[in-house]
Amino acid sequence: AMAHLPDSIRQKVQDHPCYSEDAHHYFARMHVAVAPACNIQCNYCNRKYDCANESRPGVVSELLHPDQAVTKVLAVAATIPQMTVLGIAGPGDPLANPARTFETFRQLSDKAPDIKLCLSTNGLTLPEHVDEIAKHNIDHVTITINCVDPEIGAQIYPWIYWQNRRLRGVEAARILIEQQQKGLEMLTSRGILVKVNSVMIPGVNDEHLKEVSKVVKAKGAFLHNVMPLIAEAEHGTYYGLMEQPSPTPEQLQALQDECGGDMAMMRHCRQCRADAVGLLGEDRGAEFTLDKLADMD
Ligand code: CLF
Ligand code: SF4
């Protein structure tokens, strides 16, 4: 599927397990949970657990300081040679914690220049961080875009925190959408690969995601990843105050097919935790907790 790509892009994706379906059989990624804060509220999020933008709810990640994160990355890279990608994806929003996120990337680009750097964000503060993203050679950015219509957005995001104020409703959703779209254009115009993640919420944005797919493709997104809402009442994950069922695998696949058109769709996402380690679908994070790293010294 990747054969038609220009060489420059093929080199960027051939050993990235999320951007290349082939690569995910052979190459591993790891996440470091350095980003606790978030600047928006998604109705599907439960802050006690990992950011639902990319992450499976249910288990709390061990929060790391940048120095601890770098120690962990170097230890994992020495143990798992297939580990090609380091992503920061939570447990809150990485760009709502810019000092911690970019300090981690800065140290890694210095100490482990062969590891590809990857970032996942809700996009609210993306435009102001594009220069720094480019500076650290972060070639892969994921933006979670659930809508391009503020009326739908108001049903997904109860509030955003913007310029020292909490904004609600359609106004909040409109600003978030504008920032996401602007950030997407700024990244693609600099040749940074952008993947768009969307959470499929039945009855809220499922029909609308076809429009989202068209819009982000027109702005140069490389890949679209439609993920199912994970509703786990036992983990306290509710959609707003209502219990909203997850889509069935058949509903998800039908929507992915409809979104597809001629845009590449990701179908192998495993909705990783913010501290996942290993091949996609495998989680070796428990082997590299801080107390175990201390024992390795
Ligand atoms: Fe991590 Fe995300 Fe980078 Fe991959 S995960 S920051 S792009 S290195 Fe991948 Fe995991 Fe799906 Fe994310 S399978 S949740 S898409
Ligand atoms: Fe939760 Fe992530 Fe949404 Fe922030 S962006 S509210 S951490 S799901």
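The report below goes from overall fold to ligands, helix pairs and backbone.

## Model and conventions

This is a predicted model, in which local features need pLDDT of at least 70 and side-chain atom pairs count only at pLDDT 80 or more, while totals for chains, interfaces and linings use all residues. Residues are numbered from 1 along each chain as its sequence is written, and chains are lettered from A and ligands numbered from 1 in the order in which they are written.

## Overall fold

The protein has 9 helices and 10 strands. Here helices (H or I, at least four residues) and strands (E, at least two) are DSSP runs, numbered from the N terminus. The radius of gyration is 18 Å, close to the 19 Å that the globule rule gives for 297 residues, so the protein is as compact as a globular protein of that length. That radius is taken over C-alpha atoms, and the rule is 2.2 Å times the number of residues to the power 0.38. Along the principal axes, the C-alpha atoms fill a box of roughly 50 × 45 × 40 Å.

## Ligand shells

Ligand 1 has 18 residues around it. A residue counts as near if its C-beta atom, placed from the backbone, lies within 6 Å. Cys18, Gly87, Cys118, Cys269 and Cys272 come nearest. Strand 1 (28-31), strand 3 (83-88), strand 4 (116-121) and strand 5 (138-144) each supply at least two residues of this shell. By class, the shell has 7 nonpolar, 7 polar and 4 charged residues. Ala, Val, Leu, Ile, Met, Phe, Trp, Tyr, Cys and Pro count as nonpolar; Asp, Glu, Lys and Arg as charged; the others, Gly among them, as polar.

Around ligand 2 stand Cys38, Ile40, Gln41, Cys42, Cys45, Cys51, Ala52, Asn53, Gly92, Asp93 and Asn122. This shell divides into 6 nonpolar, 4 polar and 1 charged.

## Helix packing

Helix 2 (residues 66-79) packs on helix 3 (residues 98-111) at about 40°, with axes 9 Å apart. Axes are lines fitted to C-alpha atoms, for helices over the stretch in contact, and angles run from 0 to 180 degrees between N-to-C directions. The two helices are therefore oblique to each other. Angles under 35 degrees count as roughly parallel, over 145 as roughly antiparallel, 65 to 115 as roughly perpendicular and the rest as oblique. The crossing of helix 2 and helix 3 is right-handed: the near helix is turned clockwise from the far one by less than a right angle. Pro66, Ala69, Val70, Val73 and Leu74 in helix 2 meet Arg100, Glu103, Thr104, Gln107, Leu108 and Lys111 in helix 3. Contact means C-beta atoms, placed from the backbone, within 7 Å. This contact has 6 nonpolar, 2 polar and 3 charged residues.

Helix 4 (residues 126-135) and helix 6 (residues 169-189) pack at about 25°, with axes 8 Å apart. That makes helix 4 roughly parallel to helix 6. Leu126, Pro127 and Val130 of helix 4 touch Gln179, Gln180, Lys182, Gly183, Met186 and Leu187 of helix 6. Helix 7 (residues 209-218) and helix 8 (residues 249-260) cross at roughly 35°, their axes coming within 9 Å. That crossing is right-handed.

## Backbone exceptions

Most residues other than glycine have a negative phi, and most peptide bonds are trans. The peptide bond from Gly90 to Pro91 is cis, with omega near 5°. Pro91 sits in the loop between strand 3 and helix 3. Asn137 has a positive phi, near 55°. Asn137 lies in the loop between helix 4 and strand 5.

Definitions and conventions
Contact = placed C-beta atoms within 7 Å.
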